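Dear colleague,

Please find below the structure that I am handing over to you. My notes on what was found in it follow directly after.

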Amino acid sequence: MAQDGAARPMSAVRAAGFTSSRARGSTFDPLGQSRGPAPALEEKKEDLPEEKIKILEKKVNDLITESCMAQSMGNSQLALEKAKEAERKERALVRQREQSGNVEQINVDLTYAILLNLANQYENNEMYPEALSSYQLIVKNKMFTNAGRLRVNMANIFVKQKNYPKAIKFYRMALDHISDDYKEMRIKIMQNIGTVFVLLGQYSDAITSFEHIMSKSPNIRTGYNLILCYYATRDGDAMKNAFQKLLSVPLGIDDEDKYISANTEPPVSAFRRWRGPQQLRRAIRAFRSKSPTRPEKGPRFIDDIRSNMLVEAIKNDKLHQMERELKARAEKYVMTAAKLIAPAIEVSFAAGFDWCVDMVKSSQYVELANDLEINKAITYLRQKDFNQAVAILKTFEKKDSRVKSAASTNLSALFFLEKDYDQAERYADLAMIADRYNPGALVNKGNTEFVKQDYVKAAEFFKEALRNDSSCTEALRNLGLTYKKLNRLEDALDCFLKLHAILRDSAEVMYQLADTYELLEDPQQAIEWLMQVISVVPNDPKALAKLGDLHDVEGDKSQALHYYCESFRLFPCNIEVIEWLAAYYVQTQLYEKAIQYFERAILVQPSEVRWQLMVASCYRRSGNYQKSLDTYKEIHRKFPENVECLRFLVRLSQDMGLQEVQDYAAKMKKVEKMKELREQRVKSAREGSARGRREGSAGSVDSGRSSSSNKGERLGAQVMSLPASNEPYESSTPKELDASYVDPLGPLMERPKTGAKVRVDDDDFADEDLGDELLPE
C-alpha cells in the first residue's frame with residue numbers, strides 16, 4: 001500500500017500525481033511565495049573584451065546611420081566626416097577581435113558597408129581619387145561577393161572626369177560580372193556604354209549598343225538616342241526605321257477612361273481648375289453648362305458632383321501622376337525626334353513632316369499629329385515663308401477646340417508681328433472662343449488692345465491670362481509695360497519683381513526694373529539694378545550709357561565719364577554718348593579731346609552743320625586760329641547759306657586782318673536778306689491760305705478767287721524783289737560790319753553740372769527702353 005502523499009501510477013479511479021490528502025508539514029503555496037524574492041541579475045562587466053567589442057560595433061553602426069542621414073539632408077561634408085570616423089572605429093574593432101583571438105567573428109558585411117559608404121561620400125564631395133581608392137579596396141577583396149558590380153560606380157566617376165575610354169573599360173568589366181539573370185541591370189549598363197560612345201563621337205559603336213537594347217528591352221530614351229546617332233551619321237532610311245521603333249515602344253499606361261462610368265461623365269476641365277468649397281459653385285455651374293440635359297438641382301445632381309469629384313481624386317493619385325509624367329516625356333521625345341529628322345529624311349522638310357505625321361497617326365501617339373502639323377507651320381515661319389504657314393494654320397479652323405485654339409493663337413501672333421492688327425484681333429477672338437482658358441490667346445488679345453491704346457482693357461486681358469497660368473511670363477511682362485503706360489508705377493514694379501523671381505538672369509527684366517525705379521525718382525535703386533544688368537551682359541552699350549546718365553544726375557562725374565567711355569568703346573555711333581563726352585571735355589577745357597568726339601559726330605551725322613562749327617570753335621578756343629579759319633572755310637564751301645559760319649569768318653578775318661573780310665560780310669548780308677525774305681514769303685503764304693479757308697467757309701467763291709489773285713501778286717512782287725544769284729551787293733564799310741556771333745560751344749560751357757543732357761534735335765537713335773515692345777504668345 002502506498003504512503004500518504006506519494007505518487008501513484010495512473011489508474012482508472014484516480015489520476016497519478018494528485019491526492020486528496022496533504023503531505024505532512026506542507027502548506028498550500030502554488031506561486032512559491034514562501035521562497036522569497038528572486039536573486040538580482042548579475043551586472044555586465046563592461047571591462048570584458050567581448051562587451052567592449054559589442055559596444056564599439058554598435059557605435060560603428062550608429063556612425064554609418066548618421067553619415068547617411070547627413071547626406072540625405074544635403075550636408076555632404078558632415079556625412080564624409082562621419083564616414084571617416086566610422087572607418088577608424090571599425091579598424092579599432094578589427095584589431096580588438098584579433099587581439100582577443102576571435103578573428104573568425106570579424107563582421108565582413110560591416111566592413112563592406114563602411115568602405116562603400118566612405119566611397120560614396122568621397123564621390124559626393126567630388127574627391128574622385130579617394131573614392132576610386134575606396135572602391136578599389138572593395139573590388140580587390142575576394143571576401144566581398146558581387147563586388148564587381150561596383151565597377152559601374154567607378155566608371156561613372158571616370159565619366160565625370162571625362163576619361164571616357166577608361167569608363168567604357170570599367171562598364172564592360174562590370175557587365176562581365178553580372179549574370180544574364182539581372183536583365184534590367186545589364187540593359188542600364190549597355191545604355192551607359194552607348195552614351196559614352198556618343199560623348200566620344202563614335203556613333204557607329206553607340207548605334208550597336210542602342211540597337212542591342214532596342215532588340216532586347218526597348219525603351220523610349222534609348223530609341224530617341226538611336227535616332228540622334230543615325231541623324232549624326234545622316235542615314236535617312238535608318239532614321240525612319242528608328243523612328244518607327246520609337247513609336248512602337250509600349251508605355252504600359254492604362255487608359256484613364258476606365259474610371260468613368262457609363263452614366264456619369266465628369267467635367268474634367270471644371271474640376272481640374274477649381275478646388276475647395278468656395279470654388280465648388282463654379283464647378284457646378286461649369287458642370288451644368290457641359291451637361292444641359294442633367295437636372296440642375298436635386299439629389300441626383302449632387303450625387304453626380306460627388307461621384308465626379310471622387311473620380312478626379314482617384315485619377316490624381318501618385319501612380320497616375322507618374323504615368324502622366326511618363327506619357328508627357330514620351331510625347332516630348334517623339335515630337336523632338338520628328339522635328340529633328342523631318343528635314344533630313346526627304347528631299348524637303350514638308351515631305352519629311354508629312355511622313356512623320358502619317359507614322360504618328362498610325363501609332364499610339366495619334367493625338368500628336370495635329371501638333372506636328374502646327375510645328376510644320378512654325379518651321380515655315382522660321383524660313384520666312386509666311387504664306388505657307390498661314391495656309392497650314394488656317395486648315396485647323398474646323399478642328400477640335402484645343403487644336404483650333406493653338407492654331408488661332410499662332411495666327412494671331414503672326415499677324416501681330418506683321419502689324420496687321422485687325423487680323424491679329426480676329427484670330428485672338430477665335431482662339432478665346434475655342435478655349436477661354438488659353439493664356440496665349442488672352443495675351444494676344446491684350447496686345448491688340450494695347451496697340452489701340454486701350455490700356456485698361458489690355459491690362460484686364462493680361463491679368464486674366466495670369467489667373468489661368470500664373471507662370472505666363474509674356475502676360476506678366478506685358479502687364480508691367482501696360483501699368484507703365486497707365487502711370488501705375490508701383491504696380492509695374494510689382495510685376496517686374498515677380499517676373500525677376502521667375503527669370504533670374506534676364507537682363508531685360510532687370511533693365512525694366514531700373515527704368516521703373518528711375519521713373520519713381522529712386523536713382524540709387526536704378527543704379528543697383530543696372531549694375532546687375534551689366535553683370536549679366538557686360539557689353540551692352542545702352543545699359544552702360546544709362547548708368548553714365550544716372551551717375552551724371554547724381555553728380556558723380558568720374559563714374560559717369562567711365563561708363564560713357566565704356567559705352568562709346570562698344571558702340572561709337574550713339575550720338576548722345578558722343579555729345580556728352582564732347583561736352584565734358586569742353587567743360588574741362590580739353591579741346592583736343594573734344595575735337596575727336598565732334599569729328600566722330602560728323603561721321604555719324606555728316607549733314608548736321610553744328611558739329612563742324614563746334615570743331616572750328618574748339619580750334620579757336622585752343623588758340624589755333626589758322627586751323628579754325630580753314631575749318632570755317634571748309635564749312636562755308638559745304639554749307640554756303642549758313643549764317644553762323646559766315647559770322648565767324650567775318651570775325652576771324654577782321655581779327656587776323658585778312659582782305660577777305662569784305663567778301664564774307666557781303667555774303668553774310670546777302671544770306672541774311674534771303675533768309676528774311678524766305679521767312680516773309682512763308683508767313684504770307686500761311687496767312688493767305690488761312691484767309692482763303694475763312695472766305696471759302698463763308699461761301700464767297702468770287703472773293704476767294706480775288707484773294708487768291710491778290711496773294712499771287714504779292715508773292716510775285718516779293719520774288720521779283722530778290723536779287724539774282726550773280727548780282728553784286730554794295731560793299732559795306734568796316735564800321736558797318738556786324739561782327740556779332742554766337743559761340744556754338746557756349747551752351748556746352750554753360751551746362752548745369754548735374755542733371756542736364758544735351759539732346760540732338762535730329763537724333764537717329766531713338767531713346768527707347770530696352771525691350772519695350774510687347775511679346776506675342
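**Findings**

In the protein chain, 40% of the 777 residues count as buried, where buried means under 20% relative accessible area, exposed over 50%, and partly exposed in between (1.4 Å probe, protein chains only). Please note that this is a predicted model, in which local features need pLDDT of at least 70 and side-chain atom pairs count only at pLDDT 80 or more, while totals for chains, interfaces and linings use all residues. Residues are numbered from 1 along each chain as its sequence is written, and side-chain values use heavy atoms, with hydrogens and water left out.

The protein chain has 35 helices and zero strands; helices (H or I, at least four residues) and strands (E, at least two) are DSSP runs, numbered from the N terminus. Of the contacts in the protein chain with a separation of 6 or more, 55% are between residues 24 or more positions apart, a contact being heavy atoms within 4.5 Å.

The protein chain exposes about 44800 Å², of which carbon and sulfur atoms supply 50%. This area comes from the Shrake-Rupley method with a 1.4 Å probe; for residues, only the protein chains shown count as cover.

Ser248 lies in the loop between α10 (236-247) and α11 (268-273). Ser248 is exposed, with a relative accessible area of 52%. Although Ser248 and Tyr365 are 117 residues apart in sequence, their C-alpha atoms are 9.7 Å apart in space.

Cys356 is buried, with a relative accessible area of 0%, and for Cys618, also buried, the value is 0%. A search of the whole structure finds zero disulfides, meaning pairs of cysteine sulfur atoms within 2.5 Å.

Yours sincerely
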